[in-house]
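Reader: Hello! Could you take me on a close look at the aromatic rings in this protein, and at what surrounds them? I would enjoy one connected walk through the details.

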Amino acid sequence: MRQTIRFLRRGKIVEVGNVDPMTTLLDHLRLTEGATGTKEGCGEGDCGACTVAIGRARHGKVVYEPVNACIQLLGMVDGAEVVAVEDLAEETELHPVQAAMVEKHGSQCGFCTPGFVMSIFSLYQGTDGAVGRDEINNAIAGNLCRCTGYRPIVEAALSVCASPRDDKFRKATEDTAGVLNFIADDSDIFIGDDKRFFAAPASIDALAALYARHPDATIVAGATDVGLWITKQLRDLPKIIHIGRVRGLDGVEDTGREILIGAAATYARVEPFMRAIDPDLGELFRRIGSKQVRASGTVGGNVANGSPIGDTPPALIALGASMELRRGDRPRVMPVEDFYIEYGKQNRASGEFVTGLLVPKLRSDQIFRCYKVTKRFDQDISAVMGAFRFTVDAEGRIQEARIAYGGMAGTPKRAKRAETALHGASIRDTAAWAKAFDALRADFTPLDDHRASASYRAETAHALLGKALIEAAGTPSSRTRLTGQREAIVHAAE
Ligand SMILES: Cc1cc2nc3c(=O)[nH]c(=O)nc-3n(C[C@H](O)[C@H](O)[C@H](O)COP(=O)(O)OP(=O)(O)OC[C@H]3O[C@@H](n4cnc5c(N)ncnc54)[C@H](O)[C@@H]3O)c2cc1C
Ligand code: FES
Ligand code: FES
């Protein structure tokens, strides 16, 4: 058992004991270290001003990902290298990313600049050759600039990524990975006492035993929800169990017929597997939060939080996915749709936690579509999310329709009446479509809130089902979509 957090800063191992469970990485940097280059804007993962790069050892090298330090708990960086904006320059020489920002006039008031620099730094480290504008836009979608405007910032990123990668981080990558492997040991972490603690078990058995002893503890995976309970709701979370160190829990595996997703696997790690199932799933994942959110947030957390507007549950339900839970030494498996009982109530016993998800891949007779409707294209939570899987036989008849929505009820939910209306009909039978549209209205009492009115949601759900059917009947998405066209995505992947 270890009673400290260990991480790497500027080439030195930092070991911190006596950490309050709710201490954020941003507070540690600014208040404890005095490293005030990292800024606080929104304090909720939206603006990117607090972006830092987290380096982890993989295959003998260091992989850097950007995270929002404002909602990252300090204990979560155990075993990692933390790189903040002050760490980039070498004596008086700016890092190439910083130099490009100066040269392209990428900064005015400068408040957002450290965050942009760290997002572009992570992109610079994660790529080798020139990087296209789309990839850059994707890399900085979680960073907000209120005065400079994005053109010069994008140009700085284009220019620095066009040059060979040559900086002290690249030169030291193997040595740094060696140190990270050394500090990321296999001991369970427990800091505090039985009333107030931060714990990060190293094995699934240790996690199960600890949670059985403290079923009132808060499980934390990526903290992209829980972080906001601390910074925005000002809740006191005296007992935190972080699952990110549990050996094997962050894995994703393709068994041939299904994808197994560990409960601690981040969106960034899961995305390529989902994209391989269907391009719409890849696009859905790409639009969840920002690079920073996807580097921390997990699919397991998205399912477990029980939100009616989480993006992945409708897609998982339409795909017929199951989830694995465990309480003490007792595992159980259930369909994801059975997890949601009513708003704020899930089928999870005290002391029970999610260990993983099993997502069946599509068969050749199955057609999948999903659409996320938001006010803003990037970094926004859905007003309505619709996911559809049609199993169609050789005669073109719908053998099974699985239709699931988010934002249409107090939980993610299937549209069972609409599904029944389509059963056995030809996929091109517009009279059956009309019956399904009518049935859909009876399926839901949509939410009515600041994101969208109930009537907007009802109309949108209808339109999405219509689009799914039109596309499933053979119309190319180049005729049905302005963005995220499947043909373009499939072509880009080839
Ligand atoms: C800026 C921003 C943008 C976002 N954009 C989106 C978006 O586009 N779409 C979307 O759906 N969501 C979005 N979110 C919400 C959030 O990122 C997701 O819900 C994410 O999947 C939560 O995962 P996590 O690992 O961070 O969960 P955490 O915050 O660690 O936990 C979330 C909840 O799940 C519980 N939990 C986590 N893991 C387990 C487990 N293994 N067993 C039992 N309980 C568990 C926790 O106790 C907590 O109640 C956004 C959040 C932010 C801050
Ligand atoms: S301060 Fe805005 S994302 Fe952290
Ligand atoms: S330079 Fe002022 S907010 Fe971006």
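**Aromatic pairs and their surroundings**

Author: Happy to! This predicted model holds twelve aromatic pairs. Let us begin with Tyr64 and Phe121, an edge-to-face pair with 5.6 Å from centre to centre and 65 degrees between the planes. Tyr64 belongs to strand β4 (residues 61–68) and Phe121 to helix α3 (residues 113–126), so this pair ties together parts that lie 57 residues apart in sequence. Tyr64 has a relative accessibility of 7% and therefore counts as buried, since the cut-off is under 20%. Phe121 is buried too, with a relative accessible area of 0%.

Phe121 also has a ring partner in Phe169: the two centres are 5.0 Å apart and the planes meet at 75 degrees, which means that this pair is edge-to-face, as angles over 60 degrees count that way. Because Phe121 sits in helix α3 and Phe169 in helix α6 (residues 168–171), the pair ties together parts 48 residues apart in sequence. Both of these phenylalanines are buried.

Elsewhere, rings gather in a group: Tyr371, Phe388, Phe390, Tyr405 and Phe444 make up one aromatic cluster.

Arg165 lies over the face of Tyr124, 5.1 Å from the ring centre.

Now for the packing around helix α8 (residues 204–213). There, Ala206, Leu207, Ala208, Leu210 and Tyr211 are buried. The buried residues of α8 pack against a set of strands: β6 (189–192), β7 (197–200), β8 (218–220), β9 (239–242), β12 (322–327) and β16 (352–360).

In soluble globular proteins, nonpolar side chains tend to be buried together. Here the largest nonpolar core has 50 residues, of which Ile261, Met274, Leu316, Met323, Val336 and Val359 touch the most other members. Helix α14 (residues 312–319) gives the most to this core, contributing five residues. Leaving aside residues up to four places away in sequence, Met274 touches Ile261, Leu281, Gly282, Phe285, Leu316, Leu319 and Val359. There is also a second, separate core of 34 residues, and its members include Ile5, Phe7, Ile189 and Ala295.

Notes
Residues are numbered from 1 along each chain as its sequence is written. Chains are lettered from A and ligands numbered from 1 in the order in which they are written. This is a predicted model: local features need pLDDT of at least 70, side-chain atom pairs count only at pLDDT 80 or more; totals for chains, interfaces and linings use all residues. Side-chain values use heavy atoms; hydrogens and water are left out. Rings of Phe, Tyr and Trp (its six-membered ring) pair if their centres lie within 6.5 Å; planes under 30 degrees apart count as stacked, over 60 as edge-to-face and the rest as tilted. Helices (H or I, at least four residues) and strands (E, at least two) are DSSP runs, numbered from the N terminus. Buried means under 20% relative accessible area, exposed over 50%, partly exposed in between (1.4 Å probe, protein chains only). A charge sits over a ring if NZ of Lys or CZ of Arg is within 6 Å of the ring centre and within 35 degrees of the ring normal. Contact means heavy atoms within 4.5 Å. A nonpolar core is a set of buried Ala, Val, Leu, Ile, Met, Phe, Trp, Tyr and Cys residues joined through side-chain atoms within 4.5 Å.
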